[in-house]
Amino acid sequence: MTTMSTEPISFKPDVLQGRRILVVEDVESERMLLAQYLQQQGCRVYLASDGHDCLRKVQLIRPDLVLMDVQMQGCDGLSACRIMQAEPALRDIPVIFISGAAMPSQRVQGLVVGAVDYVSKPFDFEEVRLRLAIHLRNQPGSEIPAEPEAIGCPSSLDNILFQSARMYLLKSLAETPDLHELAAAVSTNSKRLNEAFRNCVGMTVFGYLREERMQHACRLLVETRLTVHSIGAEVGYTSGANFATAFKERFGVSPKEFRLSRACSWSRCQRRE
Amino acid sequence: MTKPVGPDELQQPLAMDGTEVLLAEIEPLLNMGALTDLLEWTERLEQEQPQHVDLARRVRELIARGDFEGVRALWQLV
C-alpha cells in the first residue's frame with residue numbers, strides 16, 4: 001500500500017524575487033489588489049487592462065509569467081492567450097488564468113488555449129503565490145533575452161525602450177524614422193534611447209540599425225537573386241554604391257564577393273551530400 | 001527612403017540636467033504599466049532631486065492606487 005505524503009511542497013523563499021509578472025485585469029481594484037500582493041512578494045509588476053494591452057506589453061516586457069483574467073471587455077483572456085500561443089517568441093511565457101468561471105468546462109477551455117494553470121475567484125493569496133512559485137521554480141533567472149547579445153547591466157527601462165524601439169525599426173529597414181522621431185514614438189528622448197541601446201546591445205541606435213541592415217542584406221544576398229542595388233534599397237540605402245561601400249567596410253568584401261563565396265560553399269555542401 | 005546614417009556623434013542631442021533625465025523616464029514607464037519601476041522612479045526622484053520631494057510623494061500615491069492617468073494629469077501641471 002502506498003502512503004501519500006502530507007509534507008508541504010517547499011520552494012526557495014526567493015523564487016518570486018525579481019520575477020517579472022504581467023497582471024492583466026480589467027477591474028482596476030482587482031488589478032491593484034493582485035499587484036500590491038505580488039510587489040510584497042518581491043515581484044516586478046507590470047499592469048495591463050485587457051487582452052490587447054497584454055499583447056502589446058508582453059512583446060516588449062517578455063515577462064516571466066502572465067497572470068490574466070479570462071473575461072474582459074474587448075479582447076478577452078482566452079483570445080490573448082491563443083494569440084500568444086501562435087507567436088513563437090511568446091508561446092513559452094506561462095499564462096495563469098484567474099477567473100470567476102467555476103465550471104470545469106470553462107477551466108478546461110482555458111487550458112486548451114495554452115494556459116498552464118487556473119486560479120478561481122475569489123482567490124486566496126497563498127494559492128496565487130504557490131501557483132506562481134510552481135511555474136517559476138524551474139525557470140532560469142529573469143533576464144530579458146537581448147539581441148544580438150546583452151552588454152552590461154541594462155535596467156528594466158533600458159529593456160523596455162530597447163524592445164519598443166527595435167520593433168519600430170524592424171517594421172521596415174528601408175524606411176526608418178530618424179532618431180528624434182523614434183525616441184518620441186517610444187516616449188523618451190534621443191539621449192536616453194541611445195543610452196538604453198548601449199546598455200542592452202553595446203551600441204547606439206544607429207549602430208544597431210546599421211548592423212541589422214547588414215545582417216538582413218547578408219540574408220538577402222544568400223537567399224535571393226535580387227540585385228545588389230535592390231538589396232541596398234531594401235535595407236535603406238539610396239544607392240547601390242553607398243550600400244556596397246558600407247557592406248565592404250563592415251565585412252571586408254563586396255556584396256558580390258560575399259554572394260559568390262556563399263554560393264561556392266553552398267555548392268560544396270551540396271556535392272558532399 | 002532613409003539616407004545612410006552619418007557618424008553617431010551628429011545624432012547626439014544637447015545634454016540634459018538630472019531633473020530632465022528623470023522626467024524623461026516616466027512616460028515610457030507609464031506606457032508600459034511598469035508599477036515597480038515607477039515606484040522606484042519616485043524614490044530616485046526623491047533622493048536625487050530633493051527639491052521635488054512633494055512631487056515624488058504625490059506621484060507615488062497615485063501610482064500605488066493604479067491611477068496612471070492621474071500621474072499624466074499631474075505632469076501637465078509641472
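This is a predicted model: local features need pLDDT of at least 70, side-chain atom pairs count only at pLDDT 80 or more; totals for chains, interfaces and linings use all residues.
Which residue of chain B forms a salt bridge with A:Arg192? The partner is B:Glu25, and the closest N and O atoms of the pair are 2.9 Å apart. Between chain B and chain A the count is 3 salt bridges, and 12 residue pairs are in polar contact.

Let me stay with this interface for a moment. On the chain B side, helix H1 (18–31), helix H2 (35–48) and helix H3 (53–64) each supply at least two of the residues that touch chain A. H1(B) gives the largest share of that side, with 6 residues. Sorted by class, the side of chain B that touches chain A has 16 nonpolar, 8 polar and 7 charged residues. In terms of contacts, 31 residues of chain B meet 43 residues of chain A. The two chains bury about 2900 Å² between them, and 56% of that area is on carbon and sulfur atoms.

Is B:Asp37 buried or exposed? Its relative accessibility is 8%, and the cut-off for a buried residue is under 20%, so B:Asp37 counts as buried. The side chain of B:Asp37 makes a polar contact, at 2.8 Å, with the side chain of A:Arg44. Beyond its neighbours within four places in sequence, B:Asp37 is in contact with A:Arg44, A:Tyr46, A:Ser156 and B:Leu29.

Now to chain B as a whole. It has 4 helices and 0 strands, and from the N terminus on its elements run α-α-α-α. Of its 78 residues, 44% count as buried. Among the contacts in chain B with a separation of 6 or more, 37% are between residues 24 or more positions apart.

Just after the helix comes A:Arg62, which takes a positive phi of about 45° although it is not a glycine. A:Arg62 is placed in the loop between H2 and strand S3 (65–69) of chain A.

As background, most residues other than glycine have a negative phi, and most peptide bonds are trans. A:Ser187, also not a glycine, has a positive phi of about 60°. A:Ser187 lies in the loop between helix H7 (179–185) and helix H8 (190–201) of chain A, and at 16% relative accessibility it counts as buried. The other feature is a cis peptide bond from A:Lys121 to A:Pro122, with omega near -5°. A:Pro122 sits in the loop between strand S5 (117–120) and H5 of chain A.

Helix H5, residues 125–136, holds A:Arg131. At 25% relative accessibility, A:Arg131 counts as partly exposed. Residues up to four places away in sequence aside, A:Arg131 touches A:Ile96, A:Asp117, A:Tyr118 and A:Val119.

Finally, the nonpolar cores. In soluble globular proteins, nonpolar side chains tend to be buried together. Which residues have the most contacts inside the largest nonpolar core? That core has 88 residues, and the ones in question are A:Val66, A:Leu67, A:Met68, A:Phe97 and A:Leu193. Its largest share, 6 residues, comes from helix H6 (residues 156–171) of chain A. Taking A:Leu67 as an example, its contacts beyond four places in sequence include A:Ile21, A:Val23, A:Leu34, A:Ile96, A:Val128 and A:Leu132. Apart from this core lies another, of 13 residues, among them A:Tyr237, A:Phe243, A:Phe247 and A:Phe258.

To close, I return to the opening pair: A:Arg192 and B:Glu25 form a salt bridge, and the count between the two chains is 3. Thank you for your attention.

Definitions and conventions: Residues are numbered from 1 along each chain as its sequence is written. Chains are lettered from A and ligands numbered from 1 in the order in which they are written. Side-chain values use heavy atoms; hydrogens and water are left out. Contact means heavy atoms within 4.5 Å. Buried area is the accessible area (1.4 Å probe) that two parts lose on being put together, summed over both. A salt bridge is a side-chain nitrogen of Lys or Arg within 4 Å of a carboxyl oxygen of Asp or Glu. A polar contact is a pair of N or O atoms within 3.5 Å; within protein, one must be able to donate a hydrogen and the other to accept it, and residues adjacent in sequence count only if both atoms are side-chain atoms. Ala, Val, Leu, Ile, Met, Phe, Trp, Tyr, Cys and Pro count as nonpolar, Asp, Glu, Lys and Arg as charged, and the others, Gly among them, as polar. Buried means under 20% relative accessible area, exposed over 50%, partly exposed in between (1.4 Å probe, protein chains only). A nonpolar core is a set of buried Ala, Val, Leu, Ile, Met, Phe, Trp, Tyr and Cys residues joined through side-chain atoms within 4.5 Å.
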